[in-house]
Amino acid sequence: MPLALIGAGALAATGFQPLALWPFTLGALAFLIVRIELAGSARSAALAGWLFGLGHFTLGNNWIATAFTYQAAMPAWLGWIAVVLLAIYLAIYPALAAFLAAWLARRTGAALLPAFAGFWVLTEYLRATLFTGFAWNPLAMAALGGFNRPGLAAIAPWTGTYALSGLIVLLAGFWLLAWRTAKSGRLHAAAMTAAFPVALMLLPWHGHGGEGRLAYTLVQPNIGQDTINDPSLYEGQFQNIARLSLPRTPGATRIVLWPEGGLPDYLRPGYPQFFYNATTYAADPAMARARIGKVIGPGSLLLTGATDLIVERGEVSAARNVVTALGADGAIRGSYAKAHLVPYGEYLPMRAWLAPLGLSRLVSGSLDFLPGPGPRTLDMGVQGKAGLQICYEIVFSGEVADRAHRPDYIFNPSNDGWFGAWGPPQHLAQARMRAIEEGIPVLRSTTTGISAVIDADGVVRQFVPRLTAGRLDGLVPPAHASTLFARLGNRLALAWALLLLGAALVVARRRRGR
């Protein structure tokens with residue numbers, strides 16, 4: 001049975017991108033619910049949840065192993081060990097949900113299914129929060145439809161992602177009920193019960209459409225991870241991204257969007273000279289900004305991923321992963337520093353202990369990145385109000401927009417070249433979910449793909465496939481009015497969790513009253 005539970009967990013992960021086999025997700029969850037029901041104790045139920053999670057997170061996060069193939073300081077085989085070790089930890093959360101649901105059902109007679117769904121919502125929220133959080137692939141991602149429709153994820157403005165995950169658990173329970181109804185010979189009722197989740201998952205809802213007024217040029221330069229840090233290639237890379245960015249209508253107002261990691265230049269003055277000599281063609285930040293301004297042309301504003309250094313007493317002590325806004329005159333008009341940094345990717349936790357053991361960050365260099373203050377909106381005047389989220393930050397439900405200064409759009413520059421074939425489509429899917437929840441379009445520019453323009457309904461209007469150089473031109477889709485989730489954040493999802501737990505206890509009370 002342990003292998004069956006691990007296999008079921010892996011099968012559930014096939015409902016995520018790039019496979020999107022959501023029927024397997026529902027079927028695998030139904031199997032897990034049966035195992036929790038049959039468990040002899042809450043501890044046995046927790047073990048079932050942990051084994052399920054082990055398979056689920058090992059397959060779902062397999063892209064992490066690819067990152068180690070680009071890190072000379074650590075062997076590539078360590079990547080799969082890292083994937084399994086991470087899964088061992090992440091599996092604690094479904095184990096906790098299973099334990100609490102079984103304990104509540106045994107102690108009070110509560111209905112197991114709504115209890116498990118409610119505790120799944122709570123533990124998934126904890127997974128995204130504790131120890132800086134790892135919010136990748138909440139169960140709700142299986143609810144997302146194809147590029148041209150949001151599917152069941154269309155209800156995310158009224159639930160939030162984590163409560164939508166609880167609904168997926170409930171739908172798996174419907175399939176379990178249908179199977180049991182069929183065993184009792186009531187085939188018509190079983191078919192109707194089984195069809196209900198299918199109808200919800202295949203919602204034909206296409207969104208509201210509409211066009212905005214602000215023109216954009218979004219660039220994907222296709223700079224591979226094996227060449228992105230080679231100084232001998234920097235100038236060729238710049239010329240490529242410059243060609244893809246030239247205005248097609250001189251003087252037109254537009255935003256130009258470049259990815260994280262696509263620009264090797266340091267744009268600010270005041271750093272030790274050897275930093276400029278090592279990276280900048282012009283060896284001068286003012287000249288670097290000036291030539292970028294000439295590329296984008298009058299009327300344009302560039303939002304680009306960049307790196308800022310922190311200098312203390314004449315020495316560079318750390319860095320920040322930033323988005324810099326540059327005008328056509330080369331002037332810096334604003335910036336945003338990434339707040340949700342990746343442990344072991346952008347900084348090495350417990351560096352004093354781990355560095356002597358030979359452990360290193362996946363990203364080259366010895367400087368740790370420092371976090372910024374959190375979501376921020378840059379008011380760019382005629383170029384609109386830009387919300388900014390760099391790479392991995394976009395996966396954190398409820399943490400992507402400045403609620404006091406609602407943006408017109410969210411720009412999400414990223415470098416997905418680390419993450420093989422599975423990571424980029426999963427990353428894009430999570431950006432789509434943020435657009436739906438917040439009612440705000442998301443524009444993603446990545447080094448190697450998938451770059452996309454996502455409207456406020458989660459529909460992908462345009463995209464550039466992986467491993468392809470290209471540009472997208474169009475008008476930024478309009479934002480919707482502030483959604484319920486945009487106003488309440490994850491308090492909304494937690495309220496749904498409490499409602500599910502309350503429903504489970506109501507069932508227990510009615511059973512006792514009979």
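Here is a short briefing on the confidence, cores and surface of this structure.

This is a predicted model, in which local features need pLDDT of at least 70, side-chain atom pairs count only at pLDDT 80 or more, and totals for chains, interfaces and linings use all residues. Residues are numbered from 1 along each chain as its sequence is written, and side-chain values use heavy atoms, with hydrogens and water left out.

**Confidence**
- The average pLDDT (the predictor's confidence in each residue, from 0 to 100) is 90 for the chain, and 91% of the residues score at least 70.
- Residues 353-358 fall below 50, and this stretch has seven contacts (heavy atoms within 4.5 Å) in the model beyond near neighbours in sequence.

**Nonpolar cores**
- A nonpolar core is a set of buried Ala, Val, Leu, Ile, Met, Phe, Trp, Tyr and Cys residues joined through side-chain atoms within 4.5 Å; buried means under 20% relative accessible area, exposed over 50%, and partly exposed in between (1.4 Å probe, protein chains only).
- The largest such core has 61 residues, and Y216, I255 and Y409 are among those with the most contacts inside it.
- Another core, of 56 residues, lies apart from it and includes L32, A156, I168 and L501.
- Leaving aside neighbours within four places in sequence, the contacts of Y409 include L214, I255, L303 and V476.

**Around L263**
- L263 is buried because its relative accessible area is 7%.
- Not counting residues up to four places away in sequence, L263 touches F238, W258, I292, T304 and G305.
- From C-alpha to C-alpha, L263 and G372 are 20 Å apart in space, and 109 residues separate them in sequence.

- V84 counts as partly exposed because its relative accessibility is 34%.
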